[in-house]
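Good morning, and thank you for joining this group meeting. I would like to take you through one model, element by element. Please look at the display as I speak.

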Amino acid sequence: MRRIAFVSTAVAVCLTAALAFSVTAARRPASPLADLPSGKVQLMSAGALAFGPEGILFVGDSVGGAVVAIDTGDRKAASAAKINIQGIDEKIAALVGVTPDQILINDVKVNPISKNVYLSVSRGRGPEAMPLILRVDAAGKITTLPLDNAKHSSVSLVDAPKSNPSARQDPRMQTITNMNYVNGNVIVAGLSNEEWSSALRSIPFPFKEAAKGATLQIWHSSHGRFETESPVRTFVPYTISGQPYILAAYTCTPLVKIPVSQLQPGAQVKGVEIADLGAGNQPLDMVPYKKDGHNYILIANTARGVMKLKADNLESYPAIDSPTKTDVAGVPYDTMTNLQNVQHLTQLDDSDALIITGKTAQPAAPAGPINLQTIALP
Amino acid sequence: MKRKFACFAVTLFLGVTVSAQVVSIQFDAGTFKVAGWKPPAAAPSKGWGSVFSVYAGAGDIPPLAGAYNVERDTLIFRPSYPIAPGVRYRAVFRPPWGGAAVEKTFDGPHQDKTPSARVEHIYPSADVLPSNQLRLYIYFSAPMSRGESARYLHVLDETGKDLQGAQAVFLPGEELWDPNYQRLTMTFDPGRIKRGLTSNEKIGPPIAEGKRYALVIDRDWPDAHGASLIEGFRKSFRGGPAVRNPPDPREWRVTSPKAGTLNAVVVDFPTAMNYPLLQRMIQVSGAQGSLTGTTVIDRQETQWRFTPHDSWKTGDYRLVVDTAIEDLAGNHIGQPFDIDTFEHVTEHITTKTISLPFSTR
């Protein structure tokens, strides 16, 4: 007899239950580490990162079409140190023996237990690029996470096409843009290099061979009249009026709230747009936090800098249902003009965040050095 | 005698003579070795790195990651990662008995920067693109470096001005490659395409109807080995009317081949379709299941042809079309890119494929 583990009292658990349709949840072992066999971690690329329980790091492998869970063994609790590393790309390049232009930092996350910083990195810019996972400790020392014999497991996101069983040669690729571990499930957002629409996946962890997770087709009403199926670029679980939601920032700029209760397998879900973050822009990362009794969400963007969204009483904002006269609309925010060229943003602890900054190469101007920096949450 | 003297002089230059021993650093088959001394059997208390380190670069950098071992009175350092072209390695031996450090530099393998890659195709291939064009595909002849499009890919307006910032037509920071890094997918800013969105209302679509543009790819775009392209590339195009109606298979013209031949079954579309999706989203099925054959996409993506490996038999076949197939504007079967809820969008097809029957006689 299988059953869905619904516990409605705790928000987080409620979120899990609604997302997880996961009929495997009932007999989950006490520690997910027990299910992780040792061996060589087969990563074809290392992109989006997320931390799960007990120092387990989820790595999005877009080229391999998989999510890999790796036991970092990094479980010694510590408080966060203010890490600042100028030219982290140069240091990583020296560590792994390439020129700095051959280092691409794909994502950064902090182990919530040890507060050590983890980076997913490409050593090289072409198809032969080597995926690396790096750890930065409180003293700023950078080491590579050994992948030759680590406890790990993985789940495939794609079936190799029958006509072409070699997924490596398949030009269709699902790029994993963002992941979050939400109490028993890895929620994966991505987009494809071919079709427009892209689903949000909910994958129960520990991974089961037969359970690749449920896909959800999410629509958002872009200003009421027109509706669009669109890829989610970054998202966070968030509680509004005591109810669990997902706050998703889309490729096409809107910030949308999606009630978790509507996320059912195969469902076509309609989200409500509560903020328009402006034109010609991609949201990159979101960090929700509390400060001085108020709720905020810090949002890093490609073209519009870092925004501090005032996230109190999100339920009070009506759906944006008509084109706005101003460039932005909905939930108000301030742009943090002191934070420039932010490529990645992640939470360090309750009061601090980490950013990776660096100038993107432009015509006639080389890229600047990449820096890892601790900032106080504004 | 002269040769012996010369060898001695070189040794003095490169090494340190201690107790009649000469320390030398060698680079051989991807490993760095310190010979000419008697290393202890066990690593020093601060690790072998306190005695011998290799640096790939200059400045305040950590030493190269790798492992040490001792073989026949030689300390050997094996880097964890392959030796890379274009890198200068500085090996430093700090004698445990004190005294000056011994340094030697080595260069990684020669970096061949002879251009060998070029732009082969750009899709859509037409020179008129709808103002709500969603994606652009650039095919290179060899693997490329990623993360470079912002620098080397430009869209110019009819005055030759590079469209950047709020006027940029592509989404910033969105480079999607195939696994071989030979096909780049760029997305036009959907916020400017979707009707009703602020960007669409204020700035307008990325491609304005009637206006002329040029897509320019610089020769300097590095391939996967760091070499530039053989030549740059330029595609001129004009903005056409938006395509709002989703593809309707009832409007497709299917031309059946004759039985007993290897002629193609041909599908003509009233408007151009998405090239990569055309390649994989139409299958041909017969009584024995899916057919194998060759697909050709022609006439600026308005024609799809399939030639089977084996001759057609007399009988019934069908084209199995994935409803996710898209036109140039991202509309797919039964579903426009942006659904106008004030219009009647009734044709919601819930199955993932549809069948188009045809017969061979």
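This is a predicted model: local features need pLDDT of at least 70, side-chain atom pairs count only at pLDDT 80 or more; totals for chains, interfaces and linings use all residues.

To locate the pairing on the display, please find Arg90(B), whose bridge partner in strand 8 of chain B is Thr105(B).

Chain B holds another open sheet, made of four strands in the order 9-11-14-13 with antiparallel pairing. Its edge strands, each pairing on one side only, are strand 9 (119-123) and strand 13 (176-177) of chain B. Within this sheet, five bridges connect strand 11 (residues 135-140) of chain B with strand 14 (residues 183-187) of chain B, and the two run antiparallel. Here Leu136(B) has Met186(B) as its bridge partner in strand 14 of chain B.

I turn now to strand 16 of chain B, residues 233-240. Strand 10 of chain B, residues 128-130, runs parallel to strand 16 of chain B and is joined to it by three bridges. In this pairing, Leu129(B) stands opposite Gly239(B). Strand 15 of chain B, residues 212-217, also pairs with strand 16 of chain B, but through six bridges and in antiparallel fashion. There, Leu215(B) stands opposite Lys235(B).

Let me place these strands within their chain. Chain B has five helices and 25 strands. Of its 361 residues, 35% are buried. Taking contacts in chain B between residues at least 6 apart in sequence, 63% join residues at least 24 apart.

Chain A, for its part, has two helices and 26 strands. It counts 378 residues, of which 53% are buried. For contacts in chain A between residues at least 6 apart in sequence, 53% link residues at least 24 apart.

Which residues touch the most other members of the largest nonpolar core? They are Phe58(A) and Val186(A), in a core of 121 residues. Beyond its neighbours within four places in sequence, Phe58(A) contacts several residues, including Leu49(A), Val67(A), Met179(A), Tyr181(A) and Val186(A) itself. A second, separate core has 49 residues, among them Val155(B), Trp177(B), Tyr213(B) and Met281(B).

The next element is helix 2 of chain A. Why is this helix described as largely enclosed by the rest of the structure? The reason is that nine of the nine residues in helix 2, residues 88-96, are buried. The buried residues include charged side chains as the sequence names them, among them Asp89(A), Glu90(A) and Lys91(A). The cover over the buried residues of helix 2 includes, from chain A, strand 5 (103-110), strand 6 (117-123), strand 7 (130-136), strand 8 (142-144) and strand 26 (371-376), together with strand 4 (52-56) of chain B. Just after the helix, Gly97(A) adopts a positive phi of about 75 degrees.

That brings us to the contact between the chains. It takes 50 residues from chain A and 62 residues from chain B. On the side of chain A that touches chain B, helix 2, strand 8 and strand 14 (226-229) of chain A each supply at least two residues. The largest share of that side, six residues, comes from helix 2 of chain A. By residue type, the side of chain A divides into 21 nonpolar, 17 polar and twelve charged residues.

Finally, a word on confidence. Chain A has a mean pLDDT of 83, with 79% of its residues at 70 or more. Within chain A, confidence is highest in strand 6, at 98, and lowest in helix 1 (residues 11-20), at a mean of 41. Over residues 1-28 of chain A the pLDDT stays under 50, and the model has 53 contacts beyond four places in sequence for this stretch. Residues 160-168 of chain A also have a pLDDT below 50, with ten contacts in the model beyond near neighbours in sequence.

Definitions and conventions: Residues are numbered from 1 along each chain as its sequence is written. Chains are lettered from A and ligands numbered from 1 in the order in which they are written. A residue is buried if 20 or more other C-beta atoms lie within 10 Å of its own, exposed if 12 or fewer, and partly exposed in between; C-beta atoms are placed from the backbone. Two residues are in contact if their C-beta atoms, placed from the backbone, lie within 7 Å. Two strands pair if DSSP finds at least two bridges between them. A nonpolar core is a set of buried Ala, Val, Leu, Ile, Met, Phe, Trp, Tyr and Cys residues joined through C-beta atoms within 7 Å. pLDDT is the predictor's confidence in each residue, from 0 to 100.
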